[in-house]
Amino acid sequence: MIRSVVGLFIFAVLLCGYIVLRPSDNGRPAAVETTEVTRAQTDSILGPVPDAIAPIEVVAAVQAPVRNTAPGLALTTDRSQMDETAANVLAGLGLNVERNQTAGDSDEMLEMTASVLSGIGAITGQTFNASGKPPAAESALELLVVQALKEGQNDAYINTLVNEAAKAGEISVPDILVTSEGDVDTAVLLNSIITQAQIAAGGAEPAVPNVTSGEGVEVRVVQRATEAEQYRFYTVNKGDSLGSIAVKFYGNVNKFGRIFEANRQILSSPNAIQVGQRLSIPNV
Amino acid sequence: MRVLVVMTGFLATLAALPLAAQDVRISETQAQSTFSVGARDFTISRNQDVDAALTGEFAKTSRPCPDFCIQPMITATGVRPIGELELLDFLETDVAGTTGLLIDARLPDWFAKGSIPAAVNVPFAALDPQNPYQNDILRALGAELRGDILDFENAQLLVIYDNGVWDAQATRAITNLIAAGYPAAKIQNYRGGLEDWVHLGLTTTLP
């Protein structure tokens, strides 16, 4: 009798011990794994250090300019920023546009760069100067679009013109304008030019649309301990470019970086989007 | 006979003196590292207090991840991880010979709290493609602009570090450099970073 009581007691103690000491993972909310999808967010370069760095082989392939070696694609792309391209086109049209929303950042960057250069100079004994303004040479693409706009050509004409020149290798296009079909998304470029002209004329910045439905759009709500988090996904359709997807979800082509960063696992470069790819869309 | 004993004792004391003066050496063959870069002389040695222990920032064991996650040994294909002895050798030969630079990839507020002697602060953010002046920095590192393309043929050899294995700043700097075209073969990563450096009692400097 005493033996069995002692035996049961020991069993109970061991069971309690197991319950208290078992790996704490079991107690985590199930939502944790889902959040992995949208981890890397480096839209602010001065923000917190990101915890996830994309595979380096992938990044190494994104040198500018790059001739895309994917089968069926032969466009020369570069990493020029949309706002810069649009500003240069507007400048080419004789409209003077301030290099808009990043002006504050640029000053900070200029300061940081100047300090880096003086630091390097102190060690190497040479003197370096920051160029004082960002490189702004007009690219062949910008010249082409400026010329067509001056001639009063319509969007369809400009689209054909740009695509023919790009396919002939005469111009390099920003990589976010390459569509899933390997064409150039001229509409996004023209849209960006108009938006910037409006902002320059005192208009408001485009609002961020709240896209929760439509072809290819998928919304998932994960209930966490304190709040409900919404995750959006988008399946790439024919003719989409990273730029057009950024406009669709953020109203601003320049925010493409958030989508690109969040999908580095499947996007080797911004021009590599393919029909059927399921992209995670980080919340703004 | 007594003279001999005294002489021997004297000699033994002489032989022991340098040891007593430098109990904590860098390696068996090296007590300290001295080198000159341009007109500046640098000396790196270790803290001789054998009871010294870390306190403060670099004594912490459990920084939350994210943001402070353990970094890989190989940050990018072709980028070699190195330790303290290789770093000292790099300073004595490449940095002193102006063919290499030691890059502190941390943001300036960290750099201001202390860094490895002869290091240059090039914050990872300054190497970001979004920095419109990125090319200016790449050129200061020895890249040459030919037309629109940067030529890295004569670019400096770099050793890059940050706070340590839990810090992604060096990883980001290396990622940004390689994305900009900097050859991986010219980049090495002192992965242990400042935390390992101070843990060994090695000399740090304030800017």
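The following paragraphs lead through the two chains of a predicted model, from overall composition to individual elements.

Residues are numbered from 1 along each chain as its sequence is written, while chains are lettered from A and ligands numbered from 1 in the order in which they are written. Because the model is predicted, local features need pLDDT of at least 70 and side-chain atom pairs count only at pLDDT 80 or more, whereas totals for chains, interfaces and linings use all residues.

Chain A contains 10 helices and 6 strands; helices (H or I, at least four residues) and strands (E, at least two) are DSSP runs, numbered from the N terminus. Of the 284 residues in chain A, 30% are buried. A residue is called buried if 20 or more other C-beta atoms lie within 10 Å of its own, exposed if 12 or fewer do, and partly exposed in between, with C-beta atoms placed from the backbone. Contacts are pairs of residues whose C-beta atoms, placed from the backbone, lie within 7 Å. Among contacts in chain A between residues at least 6 apart in sequence, 66% join residues at least 24 apart.

Helix α9 (residues 242-250) of chain A is mostly covered, with 8 of its 9 residues buried. Among them are A:Leu242, A:Ile245, A:Val247, A:Phe249 and A:Tyr250. The elements that cover these buried residues include α4, α8 (186-200), β5, α10 (256-262) and β6 (278-281) of chain A. After α9(A) comes A:Gly251, which has a positive phi, near 75 degrees.

One of the covering elements, α4, spans residues 82-92 of chain A and contains A:Ala91. With 16 other C-beta atoms within 10 Å, A:Ala91 is partly exposed. A:Ala91 and A:Glu142 are 51 residues apart in sequence, yet their C-alpha atoms are 9.9 Å apart in space.

A helix pair in chain A comes next. Helix α6 (residues 140-150) and helix α7 (residues 155-167) of chain A have axes that come within 10 Å and cross at roughly 155 degrees. Axes are lines fitted to C-alpha atoms, for helices over the stretch in contact, and angles run from 0 to 180 degrees between N-to-C directions. The crossing is right-handed, which means that the near helix is turned clockwise from the far one by less than a right angle. On the α6(A) side, A:Leu141, A:Leu144, A:Val145 and A:Ala148 meet A:Tyr157, A:Ile158, A:Leu161, A:Val162 and A:Ala165 of α7(A).

A:Val219 stands opposite A:Arg232 in β5(A), and the hairpin has 4 residues between the strands.

Chain B has 6 helices and 9 strands, and buried residues make up 37% of its 207 residues. Its strands β1 (residues 33-37) and β2 (residues 40-44) pair in the antiparallel sense over 5 bridges. B:Ser36 has B:Asp41 as its bridge partner in β2(B). Two residues separate the strands of this hairpin, in which B:Gly38 takes a positive phi near 60 degrees.

An open sheet of 5 strands in chain B has the order β3-β9-β8-β4-β5, with parallel pairing. Its edge strands are β3 (80-82) and β5 (119-121), each of which pairs on one side only. From one strand to the next, the twist averages 35 degrees. Within the sheet, 5 bridges join β4 (residues 100-104) to β8 (residues 157-161) of chain B, and B:Leu101 stands opposite B:Leu158 in β8(B). Helix α2 (residues 84-95) of chain B packs on the sheet, touching β3, β4, β8 and β9 (187-190), and its direction makes about 130 degrees with that of β4(B).

Finally, the nonpolar cores may be considered. Such a core is a set of buried Ala, Val, Leu, Ile, Met, Phe, Trp, Tyr and Cys residues joined through C-beta atoms within 7 Å. The largest has 52 residues, and B:Ile103, B:Ile137, B:Ile160 and B:Ala173 have the most contacts inside it. Helix α5 (residues 169-179) of chain B provides the largest share of this core, 6 residues. A second, separate core of 37 residues includes A:Leu75, A:Leu189, A:Leu242 and A:Tyr250. Leaving aside neighbours within four places in sequence, B:Ile137 is in contact with A:Thr113, A:Val116 and A:Leu117, as well as B:Val122, B:Ala126 and B:Leu127.

Conventions. Two residues are in contact if their C-beta atoms, placed from the backbone, lie within 7 Å. Two strands pair if DSSP finds at least two bridges between them.
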